Amino acid sequence: FCLRQYGTGTAAGFPDLLRQFPGASLLLPPAGGSVTEQYRPDFQKKGMVLDVKKMIDNGVEPNIIKEKVENNFCTNIFNVYIAMINFLNVTALENIIKTTYERINQISISGKASEPMFEFMKLAGSRVKPNVLKTIVSSVQNEISNLTENASKLIAIFAGICKEDTNLINFCLKCLSSKKDSEIIKKASSLIGNICLHSTQSHFDLISQLEKLIQSSKDDELNIILAISIGKIGLSDPSKFTGKYLGTKPDKLTMYSMREFIHQTTEKKPLDNNTNNDLFNWLTKSLSNTDREFNDLCCECLGNLSGFNKSLVAQYINGFQNRALSISSYFYGLKFIFNKKSKLDGESLDKLMNILLQGLGSDDLQIKLKAFQSLVTVAHNYTDFVKRYYDKLLEIFNEAHKINEAWIETVDFGGGMKIKQDKGVGIRNAVYN
């Protein structure tokens, strides 16, 4: 709408409703940018302005409208910018980079919704003067306490492009070795992982340093952040990383590292079949008899590996017969097999869907909950396929959306204070999703 109405870059008449959103300024064509007719209809199709009007008419709370519009603004405008990259001069690119970083702490998008923003920043960063990026990267030394995850990722991308990654890692290590407040240490720990993810150099030796920090730390949250960073660092040398752990008995933090590593490999650097098979067998043997959280992490890894390998899908299906104690985690792992980027054939899809239907009809609360959570992903990524199962699903939904008194517990806090806890809420949420 803004590109169509205000193609010259003026903000005259820009609706007051939209001015409050952090993403609004990004909608205006930047100085020096050329907006061509061919991109306007595509942007208009998004219907964001109409969506806002509909939400207002339906009485949606302003803060919810703000969040939805802000996310749409950021996702869609960066998709447009990617398409327009060859029409934007260096000055325009620098302006977008600077404006985005200034406002990054106000942008709440994450996951898939944030991908266009980071993709554009990689493209734009490689075209601007290195000093522009160096200035932003160096500013983190004074702002690390306020660094959000989105800002951390942006800084890491810029550091890799302008070759400041080693200097920034050294700064982060100083933060970790000093006795600064715990929040700064956590921000620095996360930043190290993001830097290594976007660096062209191998920083594999950092893993041993982070492992020593984990051993000396009693902060569970910090240890998980460090473990995730270790997984990101492992991507710089996948064979060395997998060789480090295969054959060992992993603990929960090791599984956090492996989960991140496998997730990143499926997104960036797919592993060869032999390594996939070795990891799959190691993870299967590592499943615990008692620790549900550990099993969930393990089956998430197994699911991510299986989505790209038909033989591993067959092995995963066999796990439902052989792993009675971790069966709910196997249903949880289905969510990751049905990843949007997975390459599943019709036969595998049918087998997995039949197993999922069994889980949806289970009397076990945990199995049922994990199965429903996985179904949400199937419906999102394989919509046309799911249509074949509508009748069976609707029959299950007709019962699952009702409140089940057997899943409501009374929790006694003492002193006459009691509350009711409904363990079926997650299932009903999944039904409506």
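1. A residue is called buried here when its relative accessible area is under 20%, and exposed when that value is over 50%. The model is predicted. By this cut-off, helix α10 is mostly covered, with 10 of its 13 residues buried.

2. Overall make-up. The protein has 25 helices and 2 strands. Of its 433 residues, 49% are buried. The exposed surface comes to about 21600 Å², and carbon and sulfur atoms supply 48% of that area. Among contacts with a separation of 6 or more, 70% join residues 24 or more positions apart.

3. Length of α10. This helix covers residues 149-161. At 1.5 Å a residue, its 13 residues should span 18 Å.

4. Surroundings of α10. Its buried residues include Asn-150, Ser-152, Leu-154, Ile-155, Ile-157 and Phe-158. Ala-151, Ala-156, Ala-159 and Gly-160 are also on the buried list. Which helices do the buried residues of α10 pack against? They are α7 (90-103), α8 (115-125), α9 (130-143), α11 (165-177) and α12 (182-198). Just after α10, check the backbone at Lys-163, where phi is positive at about 60°.

5. Asn-223. This residue lies in helix α14, residues 220-233. Is Asn-223 buried or exposed? Its relative accessibility is 6%, so Asn-223 counts as buried. Leaving aside residues up to four places away in sequence, Asn-223 touches Leu-213, Ile-214, Ser-217 and Leu-253.

6. The strand pair. β1 and β2 run antiparallel and are paired over 6 bridges. Glu-409 stands opposite Gln-421 of β2. The hairpin has 2 residues between the strands. In this hairpin, Gly-415 takes a positive phi near 65°.

7. Cover on the strands. β2, residues 417-422, is hardly covered: the count of buried residues among its 6 is 0. Phe-413 belongs to β1, residues 408-414. The relative accessible area of Phe-413 is 52%; the cut-off for exposed is over 50%, so Phe-413 is exposed.

8. Surface patch. Phe-413 also takes part in a nonpolar surface patch, together with Met-417 and Ile-419. The accessible area of these residues together is about 320 Å².

Methods:
Residues are numbered from 1 along each chain as its sequence is written. This is a predicted model: local features need pLDDT of at least 70, side-chain atom pairs count only at pLDDT 80 or more; totals for chains, interfaces and linings use all residues. Side-chain values use heavy atoms; hydrogens and water are left out. Helices (H or I, at least four residues) and strands (E, at least two) are DSSP runs, numbered from the N terminus. The expected span of a helix is 1.5 Å times one less than its number of residues. Buried means under 20% relative accessible area, exposed over 50%, partly exposed in between (1.4 Å probe, protein chains only). Contact means heavy atoms within 4.5 Å. Patches are made of residues with over 30% relative accessible area and no salt bridge: like charges are joined within 9 Å, nonpolar side chains (Val, Leu, Ile, Met, Phe, Trp, Tyr) within 5 Å. Accessible areas come from the Shrake-Rupley method with a 1.4 Å probe; for residues, only the protein chains shown count as cover. A salt bridge is a side-chain nitrogen of Lys or Arg within 4 Å of a carboxyl oxygen of Asp or Glu. Two strands pair if DSSP finds at least two bridges between them.
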